[in-house]
Amino acid sequence: MTDTHSHLNDERFSEDLAEVIERAFAEGVRRINVVGYSVESSERAVEIAEAYHGVFAVVGLHPYEAERYTPSSLRSLERLLDHPKVVAVGEIGLDYYRGPEDRESQKRLFREQIEIALRNSLPVVLHVRDAFQDVVEIVGGFPEGKFLFHSFSGSPDDMDVILTHENWYVSFSGMITFLENVRKAAEKAPRDRTVVETDAPYLAPVPKRGKRNEPAFVKYTLRELARVWGVGVVEAEGMTDGNAESFFRYGE
Ligand code: NI
């Protein structure tokens, strides 16, 4: 299994990080991505990736940073991209639910980071909240890029849009275990471009809802995806692991 999106850089893991990673590998997780959302959390993601075999970093500035970032934040970010354990730029995107009200500043930060990713031949992990149309419009302007819609929570119609672009991937989190619209969308998800994640410490799946989420729990999301697809868990694991390998820049 591959947990393509966790925030082990969150302070909620500072006490027992090693145990959390050990539990995940004991459950059969082979790779864990630690995803940044600011310069500091991205640097911390790289630090954690350096310390553990099978752990990788995704670095980027979340839309929450849109009114705070400076040219120097982007330079600090770009400096991280040469690191062999950095496998994508993210999570970046648009958040019209909780992000800064100035949508233009969000779009500017988003575009600048897509350009940085492409300049460094890296794929992009997208954060999308109440902004699917605008994200599609911006990302559609970069046909040479590879994009992953993280923690997909859109409608089956949104999934149709993703299906029409062969470089667009989709990732399911624990939401697939408790939201019917996400299950419906997953039925249509492209079998060769779908991966799974926890988004730990958030979004714990059934039967762990309400608890701190952790990479070991990605198995519940994988099981539900396999059920929705009507395939065995081992088959779904092989498919999603292979898709993660074709999307991220894993060097090992
Ligand atoms: Ni996240």
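Colleague: Does Asp130 count as buried or exposed?
Modeller: Asp130 sits in the loop that runs from strand 5 to helix 5 (132–139); helices (H or I, at least four residues) and strands (E, at least two) are DSSP runs numbered from the N terminus. The scale of relative accessible area, for a 1.4 Å probe and protein chains only, calls a residue buried under 20%, exposed over 50% and partly exposed in between. Because its relative accessibility is 58%, Asp130 counts as exposed.

Colleague: Which pLDDT do local features need?
Modeller: Residues are numbered from 1 along each chain as its sequence is written, and side-chain values use heavy atoms, with hydrogens and water left out. In this predicted model, side-chain atom pairs count only at pLDDT 80 or more and totals for chains, interfaces and linings use all residues, whereas local features need a pLDDT of at least 70.

Colleague: What is the phi of Leu203?
Modeller: Leu203 belongs to the loop between strand 8 and helix 8, and its relative accessibility of 28% makes this residue partly exposed. Asp130, which is not a glycine, has a positive phi of about 50 degrees. Leu203 is not a glycine either, and its phi is also positive, at about 55 degrees.

Colleague: Which residue does a cis peptide bond join to Gly90?
Modeller: The residue in question lies in strand 4 and is one of the protein donors of the nickel ion. The omega of the bond is about -5 degrees, and the partner of Gly90 is Glu91.

Colleague: How far from the nickel ion do its protein donors lie?
Modeller: Donors are N, O and S atoms within 2.8 Å of the metal (3.2 Å for Na, K and Ca), and the site may look incomplete because water is not among the atoms. The donor residues follow the spacing H-x1-H-x83-E-x107-D, and both His5 and His7 are buried. Contributing NE2 of His5, NE2 of His7, OE of Glu91 and OD of Asp199, the protein donors lie at 2.1 to 2.5 Å.

Colleague: Which strands are the edge strands of the open sheet?
Modeller: The open sheet has eight strands in the order 1-2-3-4-5-6-7-8, with parallel pairing. Two strands pair if DSSP finds at least two bridges between them. Pairing on one side only is found for strand 1 (2–6) and strand 8 (194–196).

Colleague: Which residue in strand 2 is the bridge partner of Ser6?
Modeller: Strand 1 and strand 2 pair in the parallel sense over three bridges. Five of the five residues of strand 1 are buried, so this strand is largely enclosed by the rest of the structure. Across from Ser6, the partner in strand 2 is Val34.

Colleague: Which residue in strand 6 stands opposite Leu126?
Modeller: Strand 5 (residues 124–129) and strand 6 (residues 147–149) are paired in the parallel sense over three bridges. Opposite Leu126 stands Phe149.

Colleague: How far apart in space are Ser38 and Pro63, C-alpha to C-alpha?
Modeller: Ser38 occupies the loop between strand 2 (31–35) and helix 2 (39–51), and it is buried because its relative accessible area is 7%. Ser38 and Pro63 are 25 residues apart in sequence, while their C-alpha atoms are separated by 9.4 Å.

Colleague: How far apart in space are Ile162 and Arg193, C-alpha to C-alpha?
Modeller: Ile162 is part of helix 6 (residues 156–163) and counts as buried because its relative accessibility is 0%. In sequence, 31 residues separate Ile162 from Arg193, and the C-alpha distance is 9.8 Å.
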